[in-house]
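Here is a short briefing for a first look at this structure. Keep the model open as you read.

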Amino acid sequence: MTEQLEFDVVVIGAGPVGENVADYAVRGGLTAALVESERVGGECSFWACMPSKALLRTGHAVAAARRLPGVHAEFDPAAVLARRDEIVAHWRDDGQVRWAEGVGIAVVRGVGRVSGVRTVTVTGSDGGQRTLTARHAVAVCTGSVPVSPPIPGLDQIRPWYSRDATSAHSVPGRLGVLGGGVVGVEMAQAWARLGSRVTLLAREDRLLPAQEPIVSDLVAAGLRADGVDVRLDTGLDEVKQLDSGIQLSVGGETVEVDELLLATGRRPNTADLGLGALGLDEKGPLRVDDSGRVVGGDGLDWLYGAGDVTGRAPLTHQGKYEARIAAAAIVARAQGRSVTPEPWSEYAATADHHAVPQVVFTDPEVAAVGRTAERAEADGLTVRVLDLDISVAGSYLHAENYTGKLRAVVDTDRQVLVGVTFVGPDVAELLHAATIAVVGEVPLSRLWHAVPAYPTISEVWLRLLEAHRSP
């Protein structure tokens with residue numbers, strides 16, 4: 001027998017994005033249910049953002065201390081793993097469930113599929129089914145899943161994916177990492193500092209190819225300083241399971257590792273959600289407008305999507321932003337108000353298009369927002385690119401031989417910043433000021449009056465403005 005329940009909003013996926021849709025819907029006076037097949041809190045809380053940064057943080061703090069004279073810091077890898085376990089609540093979601101239920105959100109365990117108009121069928125672990133009906137909206141917030149490259153022999157081994165890399169309870173003696181993107185570089189450095197001998201293979205000619213070119217050399221140097229064997233322009237030809245480990249065939253050479261992390265990208269998790277029956281693509285991203293409402297099908301004004309599943313800006317903080325926007329639109333439409341997703345309005349996730357901030361938590365860190373120079377030019381903007389070393393009193397005090405760089409992309413027609421990239425130790429905290437400048441389209445003439453405190457690394461903003469005012 002199928003149990004039937006009714007809510008104003010039904011959300012499939014209880015990660016940070018789904019939690020925010022449900023939370024803001026409830027704040028707006030609606031009822032909401034969260035459907036989750038694994039853990040409330042999702043990928044970010046248990047297998048991605050939080051555990052990965054926990055694995056990185058101690059090593060970064062010790063490295064920062066060692067950059068000062070007279071400091072001889074060490075750390076215990078076992079303590080790092082134990083702290084990681086605490087941060088992810090030992091992979092129990094009791095606290096997340098208590099929060100959800102405490103703010104009035106119903107938590108429904110099981111696999112959710114859209115089974116009709118404003119209808120979600122949830123299949124529990126025991127095979128039992130419940131039908132949830134939404135009076136106003138169904139929101140799909142199912143995130144993304146890793147992809148595997150077609151490498152001979154890969155089906156004969158059990159590789160690590162990002163979840164394995166962030167939840168392992170022992171340090172592998174030898175770790176291979178395939179992929180020079182965010183997951184690849186962060187996990188290579190985390191495990192190298194915890195004691196692994198790491199080999200990183202990147203098919204591109206630089207690390208973090210989506211970032212400005214100034215980033216790769218400094219990040220690669222940081223990894224190599226930690227003993228990582230960084231190989232650019234290098235693919236993985238074949239893998240083979242041996243009694244002594246995993247053999248990697250790399251350009252005619254063999255490398256043996258104990259574990260192989262595949263950090264080769266992710267795709268929106270749109271499969272097995274029932275979207276095909278609605279005329280939607282089950283292999284690509286869930287296409288939405290800026291209010292989060294799904295486009296591309298008839299009679300789907302009740303269906304929304306937010307987060308990685310849309311493919312718009314696959315970052316946790318950006319997904320939560322999309323969730324807040326979508327919930328505001330759902331509430332307004334439920335109340336009979338007209339919703340037009342005008343840019344930068346309450347009902348439009350405008351920042352997704354050209355003001356997305358991101359931090360790569362390597363050492364040195366990468367912090368960027370907005371367009372790269374290449375992207376700005378492709379968008380038809382007339383730009384001036386300013387490249388500076390981060391060399392101010394604050395950086396001199398921060399660390400011996402501090403090395404960092406800044407790239408700013410200026411729209412010369414409007415005299416505003418459209419992109420800023422920092423790379424250097426501890427630059428993440430510089431990012432929000434840049435994000436405000438890009439989102440607010442603050443004229444550079446006005447930024448001249450935003451005086452950075454002395455002696456902080458933020459004084460690099462003054463150097464940037466001075467460079468801009470120079471011929």
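The buried residues of helix α4 pack against α3 (49–66), α6 (162–167) and α7 (182–194); contact means heavy atoms within 4.5 Å. This is a predicted model: local features need pLDDT of at least 70, side-chain atom pairs count only at pLDDT 80 or more, and totals for chains, interfaces and linings use all residues. Residues are numbered from 1 along each chain as its sequence is written, and side-chain values use heavy atoms, leaving out hydrogens and water.

**Helix α4**
- Helix α4 covers residues 77–87; helices are DSSP runs (H or I, at least four residues), strands are E runs of at least two, and both are numbered from the N terminus.
- Val80, Leu81, Arg84 and Asp85 are buried in α4 (under 20% relative accessible area, 1.4 Å probe, protein chains only).
- Seen down the axis of α4, these buried residues fall within an arc of 140°, so they line one face of the helix; the arc is that of the directions from the helix axis to the C-beta atoms.

**Ends of α4**
- Asp76 caps the N-terminal end.

- Three strands form an open, antiparallel sheet in the order β11-β12-β13; two strands pair if DSSP finds at least two bridges between them.
- β11 (238–242) and β13 (253–257) stand at the edges with a single partner strand each, so one side of each is left without a neighbour in the sheet.
- Five bridges join β12 (residues 245–250) to β13.
- Val250 has Glu253 in β13 as its bridge partner.

Notes. Buried < 20%, exposed > 50% of the residue type's maximum accessible area, 1.4 Å probe, protein only. Polar contact = N/O pair within 3.5 Å; in protein donor to acceptor, adjacent residues only side chain to side chain.
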